[in-house]
Number of protein chains: 6
Amino acid sequence: MFYHDSKMQYPVRVEKPNPVFARALQQAIGGIEGEIRVCLQYLFQAWNSRGPVKYRDMLMNTGTEEIAHIEMLATAVALNLEGASVSMQEDAAQDPVTNAAMGGQSTRDAIGNQLMRHVLSSGQGAMAADSDGVPFNGSWVIGSGNIAADMYANAMAESTGRLLATRLWEMTDDPGMKDMLSFLIARDTMHQQQWLAVLEDLGTEQLPIPNSFPQELENQEFNYAFLATGIEPQPAPDARWAKGPSLDGKGKFTYVKQAKPQGEKPTLGAPNPKGHAQVDQIMAYDRSKAKK
Amino acid sequence: MFYHDSKMQYPVRVEKPNPVFARALQQAIGGIEGEIRVCLQYLFQAWNSRGPVKYRDMLMNTGTEEIAHIEMLATAVALNLEGASVSMQEDAAQDPVTNAAMGGQSTRDAIGNQLMRHVLSSGQGAMAADSDGVPFNGSWVIGSGNIAADMYANAMAESTGRLLATRLWEMTDDPGMKDMLSFLIARDTMHQQQWLAVLEDLGTEQLPIPNSFPQELENQEFNYAFLATGIEPQPAPDARWAKGPSLDGKGKFTYVKQAKPQGEKPTLGAPNPKGHAQVDQIMAYDRSKAKK
Amino acid sequence: MFYHDSKMQYPVRVEKPNPVFARALQQAIGGIEGEIRVCLQYLFQAWNSRGPVKYRDMLMNTGTEEIAHIEMLATAVALNLEGASVSMQEDAAQDPVTNAAMGGQSTRDAIGNQLMRHVLSSGQGAMAADSDGVPFNGSWVIGSGNIAADMYANAMAESTGRLLATRLWEMTDDPGMKDMLSFLIARDTMHQQQWLAVLEDLGTEQLPIPNSFPQELENQEFNYAFLATGIEPQPAPDARWAKGPSLDGKGKFTYVKQAKPQGEKPTLGAPNPKGHAQVDQIMAYDRSKAKK
Amino acid sequence: MFYHDSKMQYPVRVEKPNPVFARALQQAIGGIEGEIRVCLQYLFQAWNSRGPVKYRDMLMNTGTEEIAHIEMLATAVALNLEGASVSMQEDAAQDPVTNAAMGGQSTRDAIGNQLMRHVLSSGQGAMAADSDGVPFNGSWVIGSGNIAADMYANAMAESTGRLLATRLWEMTDDPGMKDMLSFLIARDTMHQQQWLAVLEDLGTEQLPIPNSFPQELENQEFNYAFLATGIEPQPAPDARWAKGPSLDGKGKFTYVKQAKPQGEKPTLGAPNPKGHAQVDQIMAYDRSKAKK
Amino acid sequence: MFYHDSKMQYPVRVEKPNPVFARALQQAIGGIEGEIRVCLQYLFQAWNSRGPVKYRDMLMNTGTEEIAHIEMLATAVALNLEGASVSMQEDAAQDPVTNAAMGGQSTRDAIGNQLMRHVLSSGQGAMAADSDGVPFNGSWVIGSGNIAADMYANAMAESTGRLLATRLWEMTDDPGMKDMLSFLIARDTMHQQQWLAVLEDLGTEQLPIPNSFPQELENQEFNYAFLATGIEPQPAPDARWAKGPSLDGKGKFTYVKQAKPQGEKPTLGAPNPKGHAQVDQIMAYDRSKAKK
Amino acid sequence: MFYHDSKMQYPVRVEKPNPVFARALQQAIGGIEGEIRVCLQYLFQAWNSRGPVKYRDMLMNTGTEEIAHIEMLATAVALNLEGASVSMQEDAAQDPVTNAAMGGQSTRDAIGNQLMRHVLSSGQGAMAADSDGVPFNGSWVIGSGNIAADMYANAMAESTGRLLATRLWEMTDDPGMKDMLSFLIARDTMHQQQWLAVLEDLGTEQLPIPNSFPQELENQEFNYAFLATGIEPQPAPDARWAKGPSLDGKGKFTYVKQAKPQGEKPTLGAPNPKGHAQVDQIMAYDRSKAKK
């Protein structure tokens, strides 16, 4: 069960509202790198957690924290979309939102256009969409039932998330926004650590994932071989993945300079007559088979 | 540029066609864990690669290999959807596809229904969709411009991909399909190794990602702190992420038993009159402000 | 900011796990009538709330409650997907999940197929998708900036939500599931009341929405007229919307038995030559214009 | 069955073509508040209508009218995208579409970019997408089989629809566009009335929806209780939903100052071994259970 | 503007309701081959039509006809989802919908599960989705502004549409449904003819599309050359596309047995430092460049 | 199986990087007219090919070529997104990407906003999305199992694809980009020819598609009749589709000046009580039926 506090996890201040930056912040709300995704991802992983309780508890803690991050960013969007409340009454012509997006000559202004959805659909508020207006998509919420796979999904989410936050940090010069982002960047640092720490916590032999599939059942010729697919043979580079022991200590990297097919050209059966391929396709098929 | 070989990378044999298994295989083609995703992901990362050429080359090799995996799985779907070509002519009533999905009494059969899309839309062939028929979505193709973030995205893709392949392996008892899957499982083992090896190859200090953002600019109070969000204080668990040095060696884990808000309750400005909130909302807003 | 309690808002018990019912419950999690939608909808409306603080506060309370409903349903899905934990070890052959979906003869079983995604992708857990496996879509999260429009969006969400819950109630005979649903149905009753109560609370003249647009600026001939579009004149039915005072008390319903066009056939300009329509289309256009 | 008239329902005039406004109008065509949605929604509700024929007839009339609204808006988009046809031949450099979007120096112009899709994909015409270019989505078409739930869905559609139309009205100063919008705003006024009138027409006791579920089967403790989820107790506000008789006259509002969990911490079974969780997750699970 | 007739374009009779066939019919409503797509496609092409009026008129006629086809199919879905109305009252246990999908033992029945969405969301009615429940998507509505390209899009839609209808015809043995489908199949025959007839009507030189781009500006070496991409040289097949005059009479087919790259390996610039690639990626980049 | 060559199929040069044009090029990568679609479409058609081997081979050749086109366009996007690598270090203020999108005053610049996704998500690289940022969608990949239907799908793809390429050609004045596009336009010319040549190659009687459905089973009254749906009778136009022999030589066009319904007003059964329509809807239904 969940509770809220009307106060925010960390201060959200905007000194100079910037509607364009509001749009950029949407990526951190509803984009694939954004907070709705991590929030639902950690919570679903917690709710589906089968295994030691401490992992479930940890996921619940952090999943709950992420709701607060959506809240902070949504508030930041709303604040960036407004002018000072006084000037809005007094002088609509000077107000960036009103002026840029609501009418007058500046309707032809590109900024107005870019903010259309925020004006037309959300009334100066945040949306569950990315910075292009593409809606959040539930397919991004990964919960595989395998905790190690999930931890890599989480590490990836926090890596692209922190990367996004640093790019947003570069994009703004508003001190309030920079301060809020410095907090979110710090949280992403911790969360990267946290998910990788789970892998250590689980024990030393997590790879390959899943580690519960008997590895002797996988093909033993190709499980530690790099296959080069160049049209001409490619010499092995001087790189960690091309030679030496594998990272998991269970194999040895080999390098196949030019991959070769092991299989044959496939032969499919004739089309099912009730599936209504073209007559000529079916008949020609028969003839082509006959020739063989 | 690209070339093809009419032969397949590895043999694809189906002894007893199983239309239901064909549907399951679709997850490995068009699902978020599937081969279209990794193929496009590695190729886009290669094409966008800025940095040492050896990473681009490696991504090209493996991205190209993945096209062959889509091919193998698509062929496996087509083969599972067909009866022996002889019996199809001779005895449609015994043919699983015709019988189950094409007509007669068994149109009420659930299997027929489940395979509807394969019969109605693709004519016994594979589709760019998952096992529920949900189309492949380009948002899953991650290429962030940061190689370490991308490697975690790739490790995650291969972890959920190998997990999916082992589950498919459990689901079938067809020797041909088990053989094909043992090859794909082996390749996923290698590819997990490969992406993690890149992180080693890059150098020892990759965390936090991105490592090019000056870490002193992130909030120093919360960057290695676990925040518990329980309504009651939560004692620190005996876990790697709760105490001791951080994984990156740059900090020390602390554990905050009960997170507290640092911010205030937010105050948004009045609705823009031209945004047409309700009159009562605007007026009541004024009154509510006045009361403060 | 948000907090969690490891206990659930209301008991979630499953006496006889039913994997098919798990799939049905997904509609209440990730469908357009489901709990992720209302949760995000109320929270975004709260975060974007411009106007009297009491509405924001109310939205926060209920938005937070809805996270607990997702949690209850996700837990119900996970419980319906498992067999008793003892029998799963002892006798996989009797276990509905293992047997139906994991292997053996029954892989051809339709139920196994239907549950594929839960087995292949989520490992016996809930997903952010509906009962067809279609992912949750952020476009469903309505927050318009106009509180009355939002309340109708919320009333609609709770109406279809309660309808869905009663249908799920009819579908199961598990006492634990029926008890959980009787709670969710009750909450939907309250929430329907609550959103409609806001409209009363705002004041008596909320219609038409938005009520801040000067109604004299809308077309005065057609704002209370029912337009019949039948190819033959349609007599006015004996119905509330066909005559008498309008509901908002601001007009009088009229009934136009056969709507007529007020406009002309449109005339568009020629294609832009640089837009590369067909030559014949452009030239024929000129000729066709010339004929007029 | 359906018929068309080459004339439009209401005049569509554009005095000064404004490509940016064309893009804004797309929201009213292909957005969730737009006309494709209401058109299909009312028609599907009519086609699925089970119950008194007069409701089906009404839905058919208005669903058919909405096709004409899509037509008007699509025509408005096309007209806003064109220059005067003469100047386009004579002086491409002065033509807003050609100049802004087709080439020359102004390819770097933001407006050109914003209109890219209209130039690249639709050749100066309307698309089945919103103002961000996100395609219309069939999930928005609500037809629940319960007429009261459907009427709230319709009231919500017309509320957000009229809100959108008034915002578009503010955005343009073209007299033709303002006139067209004043008609569409008027029709939305009527349609709001109409759907709410159906609820009156059905009879006095429509709430809670569905009213055919025996209300005594829902949980009687929580069906008229407001649950506050604040971390600290929240006093009841002076608001319609916090005390007094419920709107439906069937209960009495109560206010729970601080919601408490009724359920327990959930306990899920072990992962299914064939679902291939991590070994350490499965074993640790056993140990963690053993400790209890 | 549009009008409706309460009668349907062609009789829709269902002798033995078959809920599974209802689900199959959804593909013809909301699938990419379905009627919503062609309806909107022809209407948008008409509304955007720039060129001779006769094409616009034709598109309007057929686009309007297609609304009637959606209506027929939606009605067929609703009828297939119901039992005879008498038996539904008398003996719910015998009713296929109630029995299969609503409760009792048969909730575990696969058919019940497959119809879940129709029961849970639409109350025995049609939806704007395909036979897998995937919603209609507006991106399928093609209107390019080039009439020849549009005619191929339309010919393709009617080809896959007629193919789908014949497959549905094979799937059912209900005389009413077979009769309805024989009508829809006939209309698709006509519409295939119609769109191809437009190409003849336009004049003899429509290829390549667009024919308004000066063909001498396209690369003259590769515009009629078949490029084989096999890893080994491929002899030209005995096929129409491999030799002889091109179909448009403007070139001559050549056959390149083994395609070769004309370009170089690309060299991208360094990552933008403010885009926060990994430090090692940026520095290694410099080193790797330095080596060249 | 597949191989790559590090060299590109055709030179990709950018003289003056233009970030806005990069965005436009995305339509040719991830739009419905774009190269990912044709690449996957031809490859899936090849892999699913049942019929003469020469068609499969041809599809493989061209599907493989299209991967190289994605590569060229992705490279063109990356090159257009970068400044000269020297100036980026030396003078970020002059660099279009840095300046426009990364910070400083110009964050309010519309161009910066438009390129947000390329900066925020892809780090100056191409994405699997269209020019509005809408992700590639697998539903666009058509493979119907009927080769003639597929060839129309392919002809349509190459028609809209060449149209798009000519519009991009008009949009840029960069000699390198114009050269690359002249190559892609030429390839589209060939591919249009190629797919239409398959129809000739198959034999003379391909229409109607599918030609394997016995045409005498389709309704014989309406299979070559144009149905006008105007509210008033429409005289037959002087057009190819309105009279004379049908294109397939199997019928004769007739023109029905005013279409009439052949069917009746539909009558659906009562709502299923367990589907929980409104009581008043169910009862009123009974009353309304009783009246008849």
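Author: Begin with strands and helices: helices (H or I, at least four residues) and strands (E, at least two) are DSSP runs, numbered from the N terminus. Two strands pair if DSSP finds at least two bridges between them. Here, A:F2 stands opposite C:H4 in β1(C). β1(A) and strand β1 (residues 2-4) of chain C run antiparallel and are joined by three bridges.

Reader: What kind of model is this, and how are its parts labelled?

Author: It is a predicted model, in which local features need pLDDT of at least 70 and side-chain atom pairs count only at pLDDT 80 or more, while totals for chains, interfaces and linings use all residues. Residues are numbered from 1 along each chain as its sequence is written, chains are lettered from A and ligands numbered from 1 in the order in which they are written, and side-chain values use heavy atoms, with hydrogens and water left out.

Reader: How many residues of chain A and chain C take part in their contact?

Author: Contact means heavy atoms within 4.5 Å. By that rule, chain A gives 45 residues and chain C gives 45 residues.

Reader: What area do chain A and chain C bury between them?

Author: Buried area is the accessible area (1.4 Å probe) that two parts lose on being put together, summed over both. For chain A and chain C this comes to about 3,800 Å², with 59% of it on carbon and sulfur atoms. On the side of chain A, the residues that lose the most area to chain C are A:M1, A:H4 and A:R50, together 19% of what that side buries.

Reader: How many salt bridges cross the interface of chain A and chain C?

Author: Side chains of opposite charge can pair when their charged atoms come close. The rule asks for a side-chain nitrogen of Lys or Arg within 4 Å of a carboxyl oxygen of Asp or Glu. It finds two across this interface. In a salt bridge, the side chain of C:R50 meets that of A:E82 (2.2 Å, N to O). The elements of chain A that give two or more residues to the side touching chain C are β1 (2-4), α2 (35-47) and α3 (53-80). The largest share, 10 residues, comes from α3(A).

Reader: What does the interface of chain C and chain D look like in numbers?

Author: There, 108 residues of chain C are in contact with 107 residues of chain D. The buried area is about 9,200 Å², of which carbon and sulfur atoms give 65%. C:N61, C:Q193 and C:W241 supply 8% of the area that chain C buries against chain D, more than any other three residues. Four salt bridges cross between chain C and chain D, and one joins the side chains of D:E218 and C:R162 (2.7 Å, N to O).
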